Amino acid sequence: MDEEKLSYFLQYSSIIPEFDRFMDILKIPQPYWIRVNTLKIQEDKLIKRLEKKGFVFERFGNLNAYKILSMPVKHPGATIEHSLGYYYVQDLSSMAPVFAMNLRPGEVILDMAAAPGSKTTMMAEIMRNRGTIVANDVSLSRIKSLGGNIERLGITNVILLRKDARKDLFGVEFDKILLDAPCSGEGVIRKNPWNFHPANEREHRYLREQQIRMLKNAVKHLKEGGIIVYSTCTFHPLENESVVEYGINKLNLEPVEFDIPISNLKGVDEWMGESYEHYKYFKRIYPHLVDTGGMFIAVLKK
Amino acid sequence: MQFSKNNQYRKYFVDRFGISAEVMENYEFFERGKSVWAFTGKYVDVEDMEAMGIRALRLGRGLKPSTAFLRIIGRYATKNVIEIDEREALHYLRGEDIDKNFAAEPGYVIVKFKDNILGCGLYKGKLINQIPKKYRFMDTWV
């Protein structure tokens, strides 16, 4: 990875614990992770099949999530089993917001920015294709890839919409909303360093405004007592703690404590003179914790 | 264009593939244009739906089941299922036809290798490939 991109992350030296380890791991390509689609196949059966083809895995805890240690193909999706929808290539960190949803049978869920569908399909798997997930994205091409993944994984409880999550009305209220907001994507730099372009302060502020617009619209569509899981795959506090504090202070949302089965650290308490009172409620996953991408997660109740 | 509910399509899967009515009752069917969608969620009246569940059938001169839906319900089928061996499965997944007689009625069939439902086929004395291009096996795969 080029030094210019790496040096961008030096601004986080005061907020990321074990910062040297964080910087070291950014230099190492991110391993692939897969999630077994238990709607279509038993976990051990798939793993044995792929191992027979030359894959080497490390299971994470008791989750149906596996880190690929080595593989006989260039991309982990280049198998018959992938085409049959037996697994999804999904980073462990991106599973965290779904765990924070604490899904229950029969719920009606809105996934506001759903494409390409890793979290939508994981929610459907946990819900065993029951209840309803309204999966939305603004871009037609992204909706197509979302639709393709839903079809491949055999998901039958999803309604697809193409709306602007910042302003469009959905016409109903939801039990829970996942707002995995578009962001500056710093947490995926290891996965795709070539496409990573460090954002400047103005861009972070613009993204924050858009994220707040989405959060406001989410609140409008949430039932009283319902929750919003807000997540991004970036480290910048302006797109994370700052947005969520806005929700708490201006939109009367209540921060909720939650657990996820993936190593994490609490939120950031202060950034550039702005302090975040509720930082202990928020979770951050850093790449150096369990060799993943980065993720921020908060749960807010209406 | 609106989705309109029509559960008559359950009967197609019961009659053609011998899937029990009980299994088919898990799915609600919705028509829109030339497609029929299978849905297991609770109906929510949101505006401007792009898709609902999974495309199960295409309407034309007859009904054509989709590979995606057969891959879900195919395990419950008791007739018009064609089992092929590993070598044939690789050919089939590459998009090739299989010139061989099978014990199936002419028309759309479920193609299977061991526990894997590969998808839809059209049987008329030989097995004509119906696997969509996006699911076809490529040389760089394992």
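**A strand and its neighbours**

Tutor: Seven of the eight residues of strand β9 (residues 116-123) of chain B are buried, so the strand is mostly covered. Keep in mind that this model is predicted.

β9(B) pairs with strand β8 (residues 107-113) of chain B. The pairing is antiparallel and runs over seven bridges. One bridge sets B:Ile110 against B:Cys120 of β9(B). Two residues lie between β8(B) and β9(B), and the two strands form a hairpin. In that turn, B:Lys114 has a positive phi of about 50 degrees.

β9(B) also pairs with strand β10 (residues 127-129) of chain B. These two run antiparallel and are joined by three bridges. Here B:Tyr123 has B:Leu127 of β10(B) as its bridge partner. Again there is a hairpin, with three residues between β9(B) and β10(B). B:Gly125 sits in this turn, with a positive phi of about 80 degrees.

Now the wider chain. Chain B is split into domain 1 (4-74) and domain 2 (80-135). Their centres, taken over C-alpha atoms, are 21 Å apart. Nine residues of domain 1 of chain B and 11 residues of domain 2 of chain B take part in the contact. On the domain 1 side, α1 (10-17), β6 (63-65) and α3 (67-73) of chain B each supply at least two residues. α3(B) gives the largest share, three residues. By class, that side of domain 1 of chain B holds three nonpolar, three polar and three charged residues.

Definitions and conventions. Residues numbered from 1 in each chain as written. Chains lettered and ligands numbered in written order. Predicted model: local features only at pLDDT ≥ 70, side-chain atom pairs only at ≥ 80, totals over all residues. Domains from an automatic or database assignment. Contact = placed C-beta atoms within 7 Å. Helix = DSSP H or I, 4+ residues; strand = E, 2+ residues; numbered from the N terminus. Nonpolar A, V, L, I, M, F, W, Y, C, P; charged D, E, K, R; others polar. Buried ≥ 20, exposed ≤ 12 C-beta atoms within 10 Å, placed from the backbone. Pairing = 2+ DSSP bridges.
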